[in-house]
Structures are given as structure tokens and as C-alpha cells.
Amino acid sequence: MKTLFLFDSYFGNTEQVTRAIANAFNPETTIVKWIRDASTEELSGTELLIIGSPTRGFRATEAVNLFFKEKLPTDLHGMNVAAFDTRIDLDTIKSKVFRVVVNKGGYAANTMAKQLKRRKVRLVIPAEGFLVTGEQGPLKEGELERAFEWGKEIANSLAPH
């Protein structure tokens with residue numbers, strides 16, 4: 001099964017999560033790319049598309065938004081997809097007011113999942129967020145293992161039974 005991972009990353013955290021998720025898939029049929037380097041043609045023959053972005057200002061990065069706007073077809077004909085983000089761990093924010101603002105503002109994964117659903121895809125698993133301990137990271141302890149397990153859950157959901 002051809003699996004295409006597209007991601008953006010500012011401080012390396014989202015890239016680490018992407019690669020941890022990708023480790024749950026067959027490396028011979030898995031492509032991992034920065035989203036800015038991806039083309040529409042690469043979607044051809046893709047059976048599973050997984051998109052990851054850091055949450056920046058309550059949404060995906062500019063590169064991810066540009067890909068959705070300019071390169072991602074409006075109809076993906078039932079393609080299997082999943083979306084994830086990296087986000088700050090609310091427990092690490094000292095200001096109660098800022099915690100509320102961040103929590104209410106939303107996260108990139110949920111927005112990406114909504115945008116993908118409009119393209120007639122099959123969201124194989126709910127959007128997920130992986131935690132960083134500060135604006136630049138690092139990832140919270142155990143997040144790479146959780147990412148790998150999330151990838152296994154996706155792979156198992158698509159395996160022939």
C-alpha cells in the first residue's frame with residue numbers, strides 16, 4: 001500500500017513525530033516528504049495520505065495551508081487519510097488565561113481533518129495531537145512511542161482481515 005507522509009516542521013518536532021509514525025509502515029511503499037517539496041502528481045496511486053503540521057496561531061503552517069489551497073485536489077475519491085499536529089502541552093503553560101486561550105483557539109489537526117473531509121476522503125482515525133513542552137519543544141517524554149503506536153493503529157485498520 002503506497003503511503004505518503006507530508007509534513008511541515010519549524011523546530012524538528014513534527015518531523016520526528018512523522019518519522020515515528022512512518023516507522024509503523026512498510027518502508028518499501030512509504031514516502032516521507034516535506035510538504036513544500038510535494039507535488040500533486042505524487043498523490044497518484046497513494047492509498048493512504050498522512051499530513052502533519054505544527055500548530056501555529058491555532059492552525060497549520062503557511063506551507064501546509066498553501067498545499068491545501070494550491071496542490072491538493074478538491075476531490076480525493078475516498079482516499080484514506082489521517083491528520084496530526086504537534087501542539088504545546090497545556091500543562092506547561094503557567095498563565096491560566098493563556099491556557100484557556102490556547103485550548104479554545106483550536107489546533108491544526110482538527111482544521112486539517114475538516115479540510116480533508118470536504119475533499120471526499122475517508123478519515124481512517126480521528127485527528128491527533130502530539131505534545132511539545134514549549135513553543136520550540138522538545139517533545140514531551142513518550143510522544144514518539146505514542147506516535148509509533150498511532151501509526152500501528154492506522155496500519156492495522158487498513159490491513160486485510
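Before anything else, two strands are said to pair if DSSP finds at least two bridges between them, and the strands (E, at least two residues) and helices (H or I, at least four residues) are themselves DSSP runs, numbered from the N terminus. Please keep in mind that this is a predicted model, in which local features need pLDDT of at least 70, side-chain atom pairs count only at pLDDT 80 or more, and totals for chains, interfaces and linings use all residues. Residues are numbered from 1 along each chain as its sequence is written, and side-chain values use heavy atoms, with hydrogens and water left out.

Let me start from strand β3, residues 48-54, which pairs with strand β4, residues 80-88, in the parallel sense over 7 bridges, with Ser 53 standing opposite Asp 85 in β4. Between these two strands the chain passes through helix α2, residues 62-70, and this β-α-β crossover is right-handed, meaning that, with the strands pointing away from the viewer, the path from the first strand over the helix to the second runs clockwise.

β3 also runs parallel to strand β1, residues 3-7, joined to it by 5 bridges, and here Phe 7 has Gly 52 as its bridge partner.

How many of the residues of β3 are buried? The count is 7 of 7, where buried means under 20% relative accessible area, exposed over 50% and partly exposed in between, with a 1.4 Å probe and protein chains only. Both faces are covered, with Leu 48, Ile 50, Gly 52 and Pro 54 on one side and Leu 49, Ile 51 and Ser 53 on the other.
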